[in-house]
Amino acid sequence: MKRSRINEIILEAEAFMRSFGFVLPPFANWTPDEMKANAGVARAVIEGRLGWDITDYGQGKFDELGLFLFTLRNGRLSDLQAGGGMCYAEKLLISKKDQISPMHRHYLKAEDIINRGGATLAIELNGSAPDGTFDPDAGGVVMCDGIERRFGPGEVLLFAPGESVTLMPGDWHKFWGEGGDVLIGEVSTVNNDETDNWFREPIGRFAAVEEDVAPSHLLVSDYGAWL
């Protein structure tokens, strides 16, 4: 993705979030230079990979296959392994109309996916084979706002604003905005996007960035190289 397009998406996303009353934390506004200057006191931001995250999954067609994310908070794997402490994470996502986040599951993370506002959130669900791989004939059970709901293989569930679903690590899922753009909340166990995504198709999690202009803000995938 071109950096100029990433900068535009950040501006568009912030305006969309604000339209629903969501205001990002102060570090969201830091320029790359300010992020470098504050790196010492912002170790939890950098190590937890909090912040801006825009991906086209390495496929170069963001409007069709892509996702905007902002990680607000993220716990520590060591706490999760110890069974106490900061074991949770939270994100805001924007799924645009008909923009696919491709079929995947997680190895460790359980997550609540919440329609925070906008259009309808469509989620296609599928179960796993005993070894965790995608099974086209497997359904399963999810919790929708505390209510048990069974799904068949490849069934699409629709969520209006305020509605949510709880997905466990074995639940294969892909999602998109149905009829318009959707603001999505994600509340989960500790998040590690570098190791905890298992995609059905062999694609990447992060975008390759073409530096045609300077970044307005760093992406979480920039931290290693820039900081």
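A salt bridge here is a side-chain nitrogen of Lys or Arg within 4 Å of a carboxyl oxygen of Asp or Glu. Keep that in mind as you explore this predicted model, because by that criterion the structure holds 15 salt bridges.

**Stop 1: helix α1**

Select R5 and E8. Their closest N and O atoms are 3.3 Å apart, and the two form a salt bridge. Why do they sit about one helical turn from each other? E8 and R5 are three residues apart in helix α1, which covers residues 3-18. Both are partly exposed: E8 has a relative accessibility of 41%, and R5 has a relative accessible area of 24%.

**Stop 2**

Next, pick R49, in the loop between α3 and β1 (51-55). Look at its backbone: phi is positive, about 55°, although R49 is not a glycine. At 21% relative accessibility, R49 is partly exposed. Its side chain forms a salt bridge with E194, with the closest N and O atoms 3.6 Å apart. E194 lies in the loop between β10 (172-189) and β11 (197-199), so this pair ties together parts that are 145 residues apart in sequence. E194 itself is exposed, with a relative accessible area of 53%.

**Stop 3: the largest pocket**

Select E47, G48, N74, G75 and N191. Of the 24 residues that line the largest pocket, these lie nearest its centre. The elements that give two or more residues to the lining are α3 (43-47) and β2 (67-74). Which of the elements gives the largest share? That is α3, with three residues. The space in this pocket is about 470 Å³, and its lining divides into eight nonpolar, seven polar and nine charged residues.

**Stop 4: R76 and D79**

Now select R76 and D79, whose side chains meet in a salt bridge of 3.1 Å, N to O. Is each one buried or partly exposed? R76 is partly exposed at 45% relative accessible area, whereas D79 is buried at 15%.

**Stop 5: a surface patch and one more loop**

Highlight L77, Y107 and L108 to see a nonpolar patch on the surface, with about 290 Å² of accessible area together. L108 is in the loop between β4 (101-106) and β5 (111-126), and is partly exposed at 44% relative accessible area.

Finish at D98, in the loop between β3 (88-95) and β4. This residue is not a glycine, yet its phi is positive, near 60°. D98 is partly exposed, with a relative accessible area of 46%.

Notes: Residues numbered from 1 in each chain as written. Predicted model: local features only at pLDDT ≥ 70, side-chain atom pairs only at ≥ 80, totals over all residues. Heavy atoms only, no water. Patch = residues over 30% accessible without salt bridge, like charges linked within 9 Å, V, L, I, M, F, W, Y side chains within 5 Å. Areas by Shrake-Rupley, 256 points an atom, 1.4 Å probe, with all protein chains shown as cover. Helix = DSSP H or I, 4+ residues; strand = E, 2+ residues; numbered from the N terminus. Buried < 20%, exposed > 50% of the residue type's maximum accessible area, 1.4 Å probe, protein only. 1 Å grid on protein atoms, 1.4 Å probe; cavity = no way out; pocket = protein on both sides within 12 Å on 5 of 7 lines; lining within 4 Å. Points joined across faces, edges and corners; volume = space filled by probe spheres on them. Nonpolar A, V, L, I, M, F, W, Y, C, P; charged D, E, K, R; others polar.
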